[in-house]
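Notebook open, model loaded. I'm jotting down what I look up as I go.

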2 protein chains.
Amino acid sequence: MSYAADVLNAAHLELHGGGDAELRRPFDPTAHDLDASFRLTRFADLKGRGCKVPQEVLSKLVSALQQDYSAQDQEAQFLNVAIPRIGIGLDCAVIPLRHGGLCLVQTTDFFYPIVDDPYMMGKIACANVLSDLYAMGVTDCDNMLMLLAVSTKMTEKERDVVIPLIMRGFKDSALEAGTTVTGGQSVVNPWCTIGGVASTICQPNEYIVPDNAVVGDVLVLTKPLGTQVAVNAHQWIDQPERWNRIKLVVSEEDVRKAYHRAMSSMSRLNRVAARLMHKYNAHGATDITGFGLLGHAQTLAAHQKKDVSFVIHNLPVIAKMAAVAKACGNMFQLLQGHSAETSGGLLICLPREQAAAYCKDIEKQEGYQAWIIGIVEKGNKTARIIDKPRVIEVPAKD
Amino acid sequence: MSYAADVLNAAHLELHGGGDAELRRPFDPTAHDLDASFRLTRFADLKGRGCKVPQEVLSKLVSALQQDYSAQDQEAQFLNVAIPRIGIGLDCAVIPLRHGGLCLVQTTDFFYPIVDDPYMMGKIACANVLSDLYAMGVTDCDNMLMLLAVSTKMTEKERDVVIPLIMRGFKDSALEAGTTVTGGQSVVNPWCTIGGVASTICQPNEYIVPDNAVVGDVLVLTKPLGTQVAVNAHQWIDQPERWNRIKLVVSEEDVRKAYHRAMSSMSRLNRVAARLMHKYNAHGATDITGFGLLGHAQTLAAHQKKDVSFVIHNLPVIAKMAAVAKACGNMFQLLQGHSAETSGGLLICLPREQAAAYCKDIEKQEGYQAWIIGIVEKGNKTARIIDKPRVIEVPAKD
């Protein structure tokens, strides 16, 4: 077999080796004629959503943008119906348009490589961008742009192998979501960067403004936590002094499994979760990413109209990753709700009587569990995790 | 006066010191309690649109995205009217929507600091993003998102001074364009990065597909070339060995003037230029950015329906910058049409009998010249600059 055919074949097997990402063959650099030590995650010093500007710094910095919008700018009128102008701080911008009562719902996100498989990295980046639309209950994306920075440290060969794979992953995920990638921007940069922009033009009934939580609602989470822990633990397999810290609580096989579960989870679209929000009358949702479960829960709580607070009792975590996080001391703050996630699940406020049906329906349609993790109480628009939350291992057993 | 009041006052003077950017006080780091040696442009090793992935590499890499769109995907039908799907390679993506014959016109761009004044950098970044919409004849932007990377090398103090100024510049430019910034993404990154996303939802008659050039048309350019040369020459004032190469052809004052003219030009919106495209029946346009005048002219020529070619005879250049470019040998390739521009002018195909009126009108409305720089001949969809193009100094005299 020729070299070229060899490489194509390897790519083909990786891309089409199985519908289930957990069964997908791991990315093998040598099959692409790259050095066996090639690691995509080494082309940035920060990982995934860990690259975010800290929440409190961001609030300070963006005040420059917000201060000039006076109260009457907050709403636009169309046929005497107020359309809220939703801006900075929530998952998407919602902008009333000049045309026929329509709105533009738009979001952007980009970050650094979090996994070493370029194709999966592209899929995860796309799922992560779309997740902000899904959090607003929007199920159809009209257009995507791709944002890409090629690392200055990549060789030409590495670039020519890796970038098309990332692009293809991104595009395949967009196709799965029923949308297309029509453009974007690419630059060179010290750190490899990948992200995009997702836009939808829709009627106001197509999105759910996330501010209607009421006392008695429950909180549902649609993906397990622990993606950041899993990708770090996976890197530590090659780093003895790090590995020694966790080897008493996990085996190498546990970590490899967790890593593949994390990749599978991060690349999964929250689209069904969004569609079911309408069916079960969700009162609002957000997606869990860089600021961790508690960070995003707090932002969501702060935006509620009623005087409510969120209390979280259960933490579904990718199997064994809670133990890894504990073995690392305070490093991840996973059980405190601060561990960054990439392309995490939706955190949804649902009427209590609908939540169980929601979880059952999503499991039936997707084959993945969702969990009731907390409740909405009377309160001052904050969120907290109880002292000793119950950790739910996902899956419960192998 | 307290320290805080001092800083605010300095910012106030810089921001409101004059309507004309050429008269604006230069950015003074010490007025913001930063070190006198602070230079925003040092927070990236590449400048402005010089950071683009080379055109030929990009073509190869994006082939992964294009190959799966078959011919019937290129157009969507609405009420039996074909709406072209315009994608990768042109200035904007144009996407037919599910709603009432409307289209989404969308673009994104981001790059590294090109000037040391953070406020002006924000304005330039915004004008540069919007320019892609204007090149399509779109005059109203419905929404902007801001993309920002804070350099890992900035001190907290530097970050807290610089980032709000950049944001404010970006936002002021958006307001000037009649639009608002409703969100975005910010990360930390080795190099400071600034950019955005501009989106418009419009009817098909609101944009001009840039493919209708006919033999006999003329080419008009709405801003002078030489921004990259000017910002580099300005940095060389502090670098004796570089400065020695050009000091025989320019004085320090010439360079400072050229730098301020470049900043003024880069921060100017191409909005009036876009509006007049409709009035004078433009056959298509593009904006001049990272690939230089000839690079973008070639892309525009390649997209024409008729068998035409573009021939460029005149090169309007910021005063003295052609001499600087010549003194630097082949470094910029300015007179060959390859020098990168940031937020450059529109290059517009106009019917010959309308071009002079177009130029007169834009000068009347904006106080800035536009130039007829070339013609459209019969040909094979390429563009070239004649052997000894006429260089037009802008302005002709001080």
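I started with strand β5 (residues 143-151) of chain B, which pairs with β6(B) in the parallel sense over eight bridges. Strands here are DSSP E runs of at least two residues, helices H or I runs of at least four, numbered from the N terminus; two strands pair if DSSP finds at least two bridges between them. I looked up one bridge: B:Val150 has B:Val188 in β6(B) as its partner.

Ground rules: this is a predicted model, where local features need pLDDT of at least 70, side-chain atom pairs count only at pLDDT 80 or more, and totals for chains, interfaces and linings use all residues. Side-chain values use heavy atoms, without hydrogens and water, residues are numbered from 1 along each chain as its sequence is written, and chains are lettered from A and ligands numbered from 1 in the order written.

Next I traced the whole sheet: it is open, with five strands in the order β3-β4-β7-β5-β6 (chain B) and mixed pairing. β3 (93-96) and β6 (181-189) of chain B are the edges with a single partner strand each, so one side of each lacks a neighbour in the sheet.

Then I moved to chain A. I checked helix α3 (residues 118-135) of chain A: its 18 residues should span 26 Å at 1.5 Å a residue, and its end C-alpha atoms are 26 Å apart, which agrees (expected span: 1.5 Å times one less than the number of residues). Just after α3(A), I noted A:Gly137 with a positive phi of about 80°.
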